[in-house]
Amino acid sequence: MTPASLTRLALVGVAAVSLTALAIGPAGATSSHHPSNHPSHHQPSHHHPEPKTVPVRLLSINDFHGNLEPPTGSGGRITDETGTQVDAGGAAYLATHLKQMRDKNTVVVAAGDLIGASPLISAAYHDEPTVALLDKLGLATSAVGNHEFDEGIDELNRIMKGGCHPVDGCSPAGTWKGSSFDYLAANVLKEKNGDYALPPFYVKKINGVKVGFIGLVTQTTPTIVTAAGIKGLKFTEEVAAANKVSKLLARQGVKAQVVLMHEGDNVAPNQSPDACPNTPGAGSRIAQGLDAQVDLVISGHSHQAYICKTKDPAGHDRYFTQGSSFGRVITQIDFQVDKKTDDIVRSSVVPDNHVVTRTVTPDPEITAFVQTWKDRVSTVANRPIGSITANLGRNSTNGGESALGDVIADAQLEGTKVGGNAEIALMNPGGIRADLTFAQSGSEGDGVVTYGEAFTVQPFNNLMQAVTLTGAQLDALLEQQWSATATRVLQQSATLTYTANLTQPFGSRVSNIKVNGVAVTDTQQIRVAANNFLVGGGDGFTVFTQGTDLWSGPLDIDAFVAYMGAHSPIAPPVTDRITVIQ
Ligand SMILES: [Zn+2]
């Protein structure tokens with residue numbers, strides 16, 4: 001492979017490449033299409049001495065999740081550098097800020113989860129509107145995120161390469177043209193032959209120097225994405241995967257290296273976006289473990305804003321950053337590249353998290369673009385599906401149980417009784433993304449629930465399934481709700497009751513389990529309904545994978561819509577399905 005074809009590979013991306021195929025070509029490969037027109041930097045230039053370094057500016061976002069419209073609630077607010085909570089995010093505001101921050105040395109990059117788990121305006125069209133927006137914003141490349149796999153690798157390839165959706169057809173905008181950027185992953189391999197499932201890196205030439213971007217996604221992706229989404233793929237350890245590509249790039253003369261990774265750490269609530277996480281997690285582990293050739297680590301996944309100075313294995317300072325989520329923060333990173341060494345001057349790196357405030361004038365072109373999609377989706381979104389008599393909240397009122405969680409679990413049971421023979425239903429609390437409120441903004445407050453509101457609550461398009469568990473397995477599953485790392489109390493249908501004694505150690509908290517009021521025995525066979533994420537062992541509920549006689553039914557949102565249609569108006573249930581001792 002020639003240097004030029006290596007570059008073409010990096011710029012255009014290929015679906016399947018092996019590392020051996022990449023590791024060819026002399027050092028100093030150029031990404032110029034006309035190398036003969038460019039004098040080598042080794043040539044003396046006495047009359048016009050050129051500067052020894054050239055400036056580069058990176059502008060980065062992560063975890064945008066299709067937020068074309070300004071996100072509402074806590075997802076639309078952020079603590080700024082002065083400690084003040086401010087409104088932030090929205091594509092048109094993001095566009096204005098990017099325009100103001102961009103200069104001729106700028107590359108716009110991202111760290112994954114740009115699509116998936118997105119609002120209806122984007123999700124109804126398989127996120128094509130969001131990818132079109134990112135193209136308009138000039139995104140050059142992004143790490144792939146776990147949510148980019150929500151609909152599987154074939155769909156992700158369609159998003160990048162174009163074509164209409166195989167089931168839902170073309171969107172109202174016509175045939176999908178594909179993205180002008182590629183998603184990168186150095187640690188996602190095809191199971192069958194070990195080839196890269198996505199391009200592992202991208203090289204951008206800017207101001208005559210080359211900057212290499214290496215993509216990574218959390219190796220935990222298989223535990224947080226539905227099994228169908230990651231079928232045929234292998235997610236490998238991040239540091240080793242990136243270091244392999246880093247060495248290859250260095251051999252090709254790409255010494256200025258940036259890792260874009262969809263993994264990150266958590267920070268203390270309400271800290272400045274420019275502060276550092278004080279509890280090192282998976283993000284820090286990778287950020288410190290990467291080869292010293294890597295100059296910068298731009299992260300995502302944990303939806304946190306931070307700027308952290310850490311050390312590379314050679315003991316040199318290296319920055320590790322993240323820019324919140326939903327387009328609320330742009331991370332600006334300025335640095336100089338030494339023209340002699342082709343490397344980033346570490347001491348010149350200046351990172352800064354910039355809040356995407358809504359006090360600027362929203363970009364008119366992007367405002368019109370978003371409005372077009374808002375109009376298109378409105379007929380779908382505004383269709384009434386039922387009504388409620390009062391707010392249905394997702395915040396727990398009883399040891400983790402919530403009114404909205406109860407109603408969703410009841411709907412899931414109803415949707416899986418026929419065909420799935422389900423007796424109880426369990427719902428992961430993290431899959432309930434918003435409250436259902438009696439009065440919607442701008443309306444009188446008649447309790448009407450629209451499809452758009454229901455979709456905001458359950459945006460994942462998960463499939464309902466049912467499996468058989470024994471009584472002992474159900475007990476073990478319920479015990480998995482509490483662990484040293486997390487408390488995740490499943491929402492349950494009215495047909496299931498139990499006692500949770502929170503004073504007892506993990507693994508010994510659940511007792512008195514009853515189905516339809518009858519005590520459960522260890523050997524009893526129980527048909528349990530849940531979405532495919534949980535049934536696949538998601539959120540650490542690994543006992544689900546021991547289930548037998550798997551049955552697949554309707555989409556979770558369709559089960560909810562059917563339930564609302566049959567039972568409206570729905571009153572908030574009393575949250576007494578769990579008897580809590582604390
Ligand atoms: Zn993620």
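**Close-up views of a predicted model**

**View 1. Helix α6 is mostly covered, with seven of its nine residues buried.** This is a predicted model, like the rest of the views here. The helix covers residues 153-161, and its buried set reads I153, E155, L156, N157, R158, I159 and M160. So who does the covering? Look for α5 (128-136), β6 (182-184) and β10 (233-235), which are among the elements that cover those buried residues.

**View 2. Strand β15 is largely enclosed by the rest of the structure, because seven of its 10 residues are buried.** The strand takes in residues 329-338. One of its partners is β1 (residues 53-61), paired with β15 in the antiparallel sense over eight bridges. To find your place in that pairing, pick out T53, which stands opposite D338 of β15. Another partner is β16 (residues 350-355): six bridges join β16 to β15, and these two also run antiparallel. Here the pair to pick out is D334, which sits opposite V350 in β16. As a reminder, strands of a sheet pair through backbone hydrogen bonds, either parallel or antiparallel.

**View 3. The second largest pocket holds about 1500 Å³ of space.** Its lining counts 39 residues, and those closest to the pocket centre are T72, P119, A434, G452 and T456. Which elements each supply at least two residues of the lining? They are α4 (120-123), α10 (364-381), β19 (448-450) and α12 (451-457).

**View 4. Four strands make an open sheet with mixed pairing, in the order β24-β23-β22-β27.** At the edges stand β24 (518-519) and β27 (578-581), each with a single partner strand, so one side of each has no neighbour in the sheet. Further in, β22 (residues 496-501) and β23 (residues 510-515) run antiparallel and are joined by four bridges. A handy landmark for this pairing is T499, which stands opposite S511 in β23. In a regular strand, side chains alternate between the two faces of the sheet.

**View 5. Helix α13 lies across β22 and β23.** Residues 471-479 make up this helix. How is α13 angled to β23? The helix runs at about 125 degrees to that strand.

How values were computed. Residues numbered from 1 in each chain as written. Predicted model: local features only at pLDDT ≥ 70, side-chain atom pairs only at ≥ 80, totals over all residues. Heavy atoms only, no water. Buried < 20%, exposed > 50% of the residue type's maximum accessible area, 1.4 Å probe, protein only. Pairing = 2+ DSSP bridges. Contact = heavy atoms within 4.5 Å. 1 Å grid on protein atoms, 1.4 Å probe; cavity = no way out; pocket = protein on both sides within 12 Å on 5 of 7 lines; lining within 4 Å. Points joined across faces, edges and corners; volume = space filled by probe spheres on them. Axes fitted to C-alpha atoms, helices over the stretch in contact; angles between N-to-C directions.
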